[in-house]
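Opening the notebook on this one.

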Amino acid sequence: MIRTSCIVLAAVSAAAASRHESLLRREGRGQLALEADLDAAELPLKNSPVFVLAFCPLILASTAAAGFLQFRKTLVTTAAEISETAQSNDTKRAQYRRSSLKVEEGHIKQSGFRRSRLGTLLNLAFLKALVAQHVLLASLIAVNSLDEWCGTNWRAVLLRPPGAAPMHFTWDATAVAFLIVYFPALALTLSYSLTFQWWQRKFLLPCPLKEAELVRLSVLLDGDIVEDLARVNRSGVPRIYSRGCRYVWKEELGKFVSMQAEKQKSAESLRQRLEEGGLSQQKALERLHFVGPNRIDVPCPGMLEALLSELASYDYLYQLFFLYLWCLVSMFKTSLVWALLFAVSAFVKAQTMRRNQLAMKQAAATDAIPFKVLRDAKQITIQSQDLVPGDVVYLDQSGVSVPADAFVVEGSLLVNDGEVTGESIPIQKLAVSGGVVHAGDDKKHYLFAGTTILQSGESTKAVVVDTGGNTMRGQLMLQALYPKPLYSQFEKDYHKLMALTVGGGMCAGIAIWWLQHWRVVGALSGIFVIFNCFSPLLPVSLVLGQTSSAERLRDKHGVLCVNSSRTAVAGRVDIGLFDKTGTLTQDGLDFVGCYPASRAFAGEPPLDPKNCESLRLVLALAHSLSAMGDRLVGPQVEIQMLQNSSATWSDLDRMSWDDGLAAEVQERFPFNHHTMTQSVVIKTSRSVKMGDAEGQRFGLVKGAPESVARLCGTHPQVLLEAADAWSRRGLYVLLAACKPLADEVTKYSRQELESSGEWQALGLVAFRNNVREESGAVLSELRAADIGAVMVSGDSHQTAAAIAGELGILSKQVLLTKVTGDGVQWVDLATEAQGDPSDDVELVVAGEAWELLKDQEMPWLPKAKVFGRVSPAQKVEIVQAFIRLGHTAMFVGDGGNDSGALRAAHVSLALTEATHESSVIAHFNTTTKTPTAVLHVLREGRAALSNSLSCFFFLFHYGLFMTCTKVLLGMLTERLPVPLAWAAWHIVLVEGLINTSQIYALVQSSGRKELVKEKPPWSLFCAFGMWSIFGPLAVNLVFLYGLTYQLVQQPWYIKWDGVKVGVQPHEMQAQADNYEMETIYFAFCFGVIACGFCNGFGGKFKQPVYENWTAMLALAFFTAVLLAILWTSRNAFCCLFRFNCDQATVLQLHGLWPWLQVGAGDGTSFRGMGPDSGNVLPPAWRMTLTAAAAAALALHCAVRKCIDHFVN
């Protein structure tokens, strides 16, 4: 059978040789040329194996046979499955719908699937075919290399039928055989890469969740549905992992449920757990098995895995087939350079992504710290990873991190929440007292995992609520790892432009093939053109600009970036939303004075607290401060109140004054963001008069004037008017009230204490919040750059409006919201007359008005400049509202209550004095709390986007320029059987050195100091992009085609004819030994250098190019290299690049350095058309090329300046 196959293959090869002979004769070359070809068949790589035609059907037949055998084995098991798939009629579908195929859990839908055996079989057969094709291509290249190294045409011997004479095979026949395998392999590989996800899911069969192998989770995130396919782990309790969350099978619910606990607990149940002696050991082990270890699992692949995953994308698979072509024509140096280019590109991209993941993994990692817990009513020590929800843990160690989210049930402690919430000051955590407590509302009792314990008592205990990825810290980590995807126009256009590029390359390739009269070598030249259109540096060029800007922010400005991709988004920001206190204003407050109810009006000067007995009690006792040594810890407002109360204390719950009055706090309720109040129960040492009441036991409350006023039986209208007047002057105002309490009731809940109707207003307490010195300049520069500024504050909207007016945010007529029984009215800030928000005005919106307006049409929203008295949840809603208007929004805050809004914005900056890049409070975190960081982020964001676009336009221009150059080469050799081609060192210089250096130089440009109104384009199909590509291209084509035209007019010029000098069509190294390639290569390289340099011009978004020393050095260095190649003669340097060399020089150099392979073929050949088979250029022509290069550089600079000035 093998003998028969060989005879058939011999016949096929003879037919190929016969066709080649007829082609040669039609071209007028005759029998002598044919004999020369046949003699050349013994030379290395000239007789590429026709045994392809043997091995191709053999390998494909073996693959088909293996698939058939495997199909027979599984035929019985898949018969029922095939029948089930074919008979999926309405009854079957209805049955699946009635089962638990789609189960909704809150905002999550779950669908169960199992793998199809038929699909698995087809997938395996497809992969085997792909592997077989790639192995075959690699084998052909390896055999060609063996022929070259061994100098033996052993394939002719292998395929010779017994007793027959040795056979000779032409290079054309080999190339045809190679392409027979090449094109199907290319099509199958790219199609499989592009449709991999579809292929994996196509043959999944729906089934009940209980029996599922795979579960599809459809999660609603910020209005977008995100789907994930998770594998079911059935070792032990069935469970799945999706987007970092763990879901466990619940038999009674018939679905997979998240392990995140309810954040709302009753204080009685928490204390009961303590009284019961904690969990039992058995119960704790069951929960540990159910919820998993107390750690945050952050997936971080190894470098090899990340690199392979990146290389598996179609961008790099596309380049792999380019390598096959270079190897086919013995351009191994070029192959090596090309392989290094896309390997480095893939490495940089994979390393960038992995570095972000590694930073998150390191931030999420916690040391195994021993903690004491209460189990079975006994105190034992376990590792922090073994904690489970419900454990009673002892928190008596200072300087360690809280191991899990927990409620304090006994004792108190002082913690630093900065790494989780962004709070810049230590916070005291107290034991739960009564009622229902919630993690969001009762932060005084709730501990976040990852917060540092600064001070704690020996008896402090807490009940664990959540562990691992379900904690607040874990959720922040997962949100940073799996952010809401941003589908920018830039990314969409990238794929469109790439498709157009490849399509254009195909047209050019066909044109070159046609110019070569449909020869095989023309087909290969056309394929080279198609691949040259798409640079291997293109994928990484989009990442380098962002990474470089993130590094500059960190090193120069102290701004740390969590995800470098957000730097490019920052370049498109058109509106900034700012928190007020601690962001635009200083952290501290200055105490102004007290305004008792009896004399509180705008014209009255403030009173000293010593002269107001009732208000001095509020100042001294209505707080939630704690002491850390001699330092008071807590909100600056309360610190200022206590320091101005004239009280002395040794214990913050007991105060005394010089007149003998003493008082103590019996119950304390911290500030609540929903009610905007904070209250205490006090008892004095003697009877005092508070408002109209007299006694020793009182409830005191302070907070937002409108909130406290609602508690009072008699509405304090005068006080509210005074508060409104002082707020309009920019003061921060609190209203205080009291109510007498009976001694019989020993304990109050917050709801009982703060019930309305029995309170009496005592007066106002006013503070001044001074504006930061830098804030005005920052906002002024934003206005000049046409970037909107909106203030979003928890303070009164009148106070916020006054500060906004001082900062220039409000500059026109201002209307405020006023909530009445008829809804929301708009009133003038100055005259209080009703106004129309549709006029040319600016708006100030209060939080209670926002609640009424947010669900309606909001045509007024673009005019809203200030939002006051808004809760943290409302801040998130406001950010999302501006995003829905089409804005690219940036939120700037100081952490804490701004954490939700920071995560909701496209770009967020937290002024939190962060200490490392893995801080997850916001996308950007500052090491110094100053609003000037906003400008740094915006400048570098614009530079990142501009640099990425410059790199992209440069590489895209390079592909088009290369295509046009190849077309020119085809035109010059239109009727010649041997085309012109690049030499190996040509590719090494331009692809390996020039392009790489230009890309690196382009991303070194930092942001321009001034922010302009225009923003970098977000689309690749914009006017700026088209001019940036086709403007330099036009200059380079004029430069290239003009010099080529002048070359052929020179009297010394001899047109190159490869046949006359004995060059074969596939000897690409020798096809550059001519005057044409010298001129064209010099013009091409200098055009690329000039285009890359001019793409680095600063324009409006980055520093001028002369300040980018990397770009200047790259221009100088590569210009010097090209001039050295042009102006030197007959030496190793210029001969490597096929410039100014001849046969004698090559032989001499080969004798000195044979390893250098200066010549073509075996390193001893140079086949020019000039004297001594050389291509030495006359000095006059070298001067012409030098002058033309200088003129081209000047023209490039002029064109770039015009584009930057008139288009961008």
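Predicted model: local features only at pLDDT ≥ 70, side-chain atom pairs only at ≥ 80, totals over all residues.

**Entry: α32 and α34**

I started with helix α32 (residues 984–1002) and helix α34 (residues 1075–1095), whose axes come within 9 Å and cross at roughly 10°. Angles under 35 degrees count as roughly parallel, so I put α32 and α34 down as roughly parallel to each other. Next I listed who touches whom. From α32 I have W985, H986, L989, V990, I994, N995, Q998 and L1002. On the α34 side I noted M1077, Y1081, F1084, C1085, V1088, I1089, G1092, F1093 and N1095. How many charged residues are in this contact? None: I get twelve nonpolar, five polar and no charged residues.

**Entry: α35 and α38**

Then I looked at helix α35 (residues 1109–1127) against helix α38 (residues 1179–1207), where the axes are 10 Å apart and the packing angle is about 165°. Over 145 degrees counts as roughly antiparallel, so that is the label for α35 and α38. I also checked the handedness, and α35 passes α38 in a right-handed crossing. The residues that meet are L1123, L1126 and W1127 in α35 and P1179, R1182, M1183, L1185 and T1186 in α38. By class, I wrote down six nonpolar, one polar and one charged residues for this contact.

**Entry: α22**

I wanted to know how covered helix α22 (residues 636–643) is, and the reply is mostly: six of its eight residues are buried. My list of the buried ones reads V637, E638, I639, Q640, M641 and L642.

**Entry: R616**

Is R616 buried or exposed? I have R616 at 7% relative accessibility, and buried means under 20%, so R616 counts as buried. R616 sits in helix α21 (residues 613–621). What does its side chain pair with? I found a polar contact with the side chain of D659, at 2.6 Å. Leaving aside neighbours within four places in sequence, I logged P609, S645, W657, D659, L661 and R686 as contacts of R616.

**Entry: N925**

Last, I turned to N925, which lies in strand β39 (residues 924–926). Its relative accessible area is 0%, so N925 goes down as buried. I also followed the side chain of N925, which reaches the backbone oxygen of A922 at 3.3 Å.

Note on methods:
Residues numbered from 1 in each chain as written. Heavy atoms only, no water. Helix = DSSP H or I, 4+ residues; strand = E, 2+ residues; numbered from the N terminus. Buried < 20%, exposed > 50% of the residue type's maximum accessible area, 1.4 Å probe, protein only. Polar contact = N/O pair within 3.5 Å; in protein donor to acceptor, adjacent residues only side chain to side chain. Contact = heavy atoms within 4.5 Å. Axes fitted to C-alpha atoms, helices over the stretch in contact; angles between N-to-C directions. Parallel < 35°, antiparallel > 145°, perpendicular 65-115°, else oblique. Nonpolar A, V, L, I, M, F, W, Y, C, P; charged D, E, K, R; others polar. Left-handed = near helix turned anticlockwise from the far one by under 90°.
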